[in-house]
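This report describes a single protein model and is to be read alongside the sequence and coordinates shown here.

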Amino acid sequence: MPRAGLRRLRSPRVWGPGGAVIVAGAVTAVALTAGAGPDTAATADGLPHTTVEISPGDCGRGWQHPHSGTQVFDLRNSSSGAAEVYLRGAGGGPVYGEVEGIGPGTTRQLRVRLGPGAYAFTCLPDDANATTGPTVRVTGGGPAGPAAAPVTQHDLIDPAIDYQKWVAGGLDDLVRQTDALRAAVTDGDLAAARTAWLPAHLTYERLGAAYGEFGDADQKINGTTAGLAGGVHDPGFTGFHRVEYGLWHGESAAGLRAPAAALAETVRALREEWAQDRMDPAALGLRAHEILENTAQFELTGRTDYGSGSNLATARANLDGTRAVLVRLRPLLTTRYPELPRLESGLDRTGRLLDGFRRDGRWTPLDALSRAERQRTNAAVGDLVERLASVATLCDPRRTV
């Protein structure tokens, strides 16, 4: 399956109810509001605004009349380089909101809800150390908005190492299964090859958080015809889906021997390379989101079906792959993501829903689902994708220096 590449979220972010991530929208039409203080203004939506400098020498300057409640900070980067900024509890406390990628000479907005307490801005210029602005004490009633302790690169090292070891075990299984697939094709037993194809493919699909680390091997093992001028007959069409197409479209065993052998050899080479690789810890949280995001985009639309009708089985394997990541991230999420129990319950429900499409040992093809079944499946996976977006953001490592 094609997998989206790593990306960092660049919109203003603030933790919403239950730890969900809210992307702050653009606010325009700034107008002064009487009584709000000389450093504050309000927009057409009635929220007070405060202009705050985020340059290295003036981080946090301008926040002179603090108050509680929902408000917007206009973060002005007067330096010559790009920067990101966090609003945290003073003394290295939790993050209440952040904005990344603020260009030089530009202003970005951050909407937050503050309660009584001490806060400070942390400014992180590109290619320079972090600086922390003055501590500001907010008084008045009302609770602060949700916040989360930042996750650092160091926090993710042990989960990434554990996950990498798990992937190594999965690759051992994959080597055995693709060897069995190749043997069946070599023997001319295409019925046995069709039986061997699905378990091998699902084993690979469960390794979803590692795809970005597999490099060119992923395209060779699990690529589709997307972007290939010759479609299913293009020489660049290789791997599981190439073999799938042949097995379910009447191709001879002789014609499939080379593709099946190439698949097995690429898998074996990947296992050897993986033993020497080091997975990027920063990728783990984002991959937890991307696995099911791609499931919704490719599997539940049938775009990766080359004849086996196994999209729902693949979706189930992707669910297992998501769980494998979350198990490693759970120690970090239990204190940062109050919605974790609901996410885990949603994974359980979706697993049961997908398992119901396996009848008498055979998976229902996607196009055989009723409209109601299709809607329930799309809704269940879509809900998980939304919840996992918060996991990706919470586990996006923050700079501390």
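## Overall composition

How many helices and strands does the protein chain have? The chain has nine helices and 13 strands, where helices (H or I, at least four residues) and strands (E, at least two) are DSSP runs numbered from the N terminus. The model is predicted, so that local features need pLDDT of at least 70 and side-chain atom pairs count only at pLDDT 80 or more, while totals for chains, interfaces and linings use all residues. Residues are numbered from 1 along each chain as its sequence is written, and side-chain values use heavy atoms, with hydrogens and water left out.

Of the 401 residues of the protein chain, 49% count as buried; buried means under 20% relative accessible area, exposed over 50%, and partly exposed in between (1.4 Å probe, protein chains only). The accessible surface comes to about 17,200 Å², of which carbon and sulfur atoms hold 51%; such areas come from the Shrake-Rupley method with a 1.4 Å probe, and for residues only the protein chains shown count as cover. Among contacts (heavy atoms within 4.5 Å) between residues at least 6 apart in sequence, 70% join residues at least 24 apart.

## Helix α2 and its surroundings

Helix α2 (residues 190-205) and helix α7 (residues 311-333) have axes that come within 8 Å and cross at roughly 35 degrees. Axes are lines fitted to C-alpha atoms, for helices over the stretch in contact, and angles run from 0 to 180 degrees between N-to-C directions. The crossing of α2 and α7 is right-handed, that is, the near helix is turned clockwise from the far one by less than a right angle. On the α2 side the contact is made by L198, H201, L202 and E205, and on the α7 side by A313, T314, A317 and N318. By class, four of these residues are nonpolar, three polar and one charged. Ala, Val, Leu, Ile, Met, Phe, Trp, Tyr, Cys and Pro count as nonpolar, Asp, Glu, Lys and Arg as charged, and the others, Gly among them, as polar.

The buried residues of α2 include W197, H201, L202, Y204 and E205. Their cover includes α1 (153-186), α3 (216-222), α4 (240-247), α5 (253-274), α6 (283-299) and α7. The 16 residues of α2 should span 22 Å at 1.5 Å a residue, and the end C-alpha atoms are 22 Å apart, which agrees; the expected span is 1.5 Å times one less than the number of residues.

Just after α1, G188 takes a positive phi of about 80 degrees.

W166 belongs to α1 and is partly exposed, because its relative accessible area is 30%. Leaving aside neighbours within four places in sequence, W166 contacts R206, L207, A324 and R328. The C-alpha atoms of W166 and L207 are 8.9 Å apart, although 41 residues separate the pair in sequence.

## Helix α9 and V385

V385 lies in helix α9 (residues 371-394) and is buried, with a relative accessible area of 15%. Beyond neighbours within four places in sequence, V385 is in contact with H289, L292 and E293. V385 and E290 are 95 residues apart along the chain, with 8.0 Å between their C-alpha atoms.

## Loop residues with positive phi

D127 has a positive phi of about 60 degrees although it is not a glycine. D127 sits in the loop between β9 (117-125) and β10 (131-132) and is exposed, at 84% relative accessible area.

D360, also not a glycine, has a positive phi of about 55 degrees. The loop between β12 (358-359) and β13 (362-363) holds D360, which counts as exposed at 81% relative accessibility.
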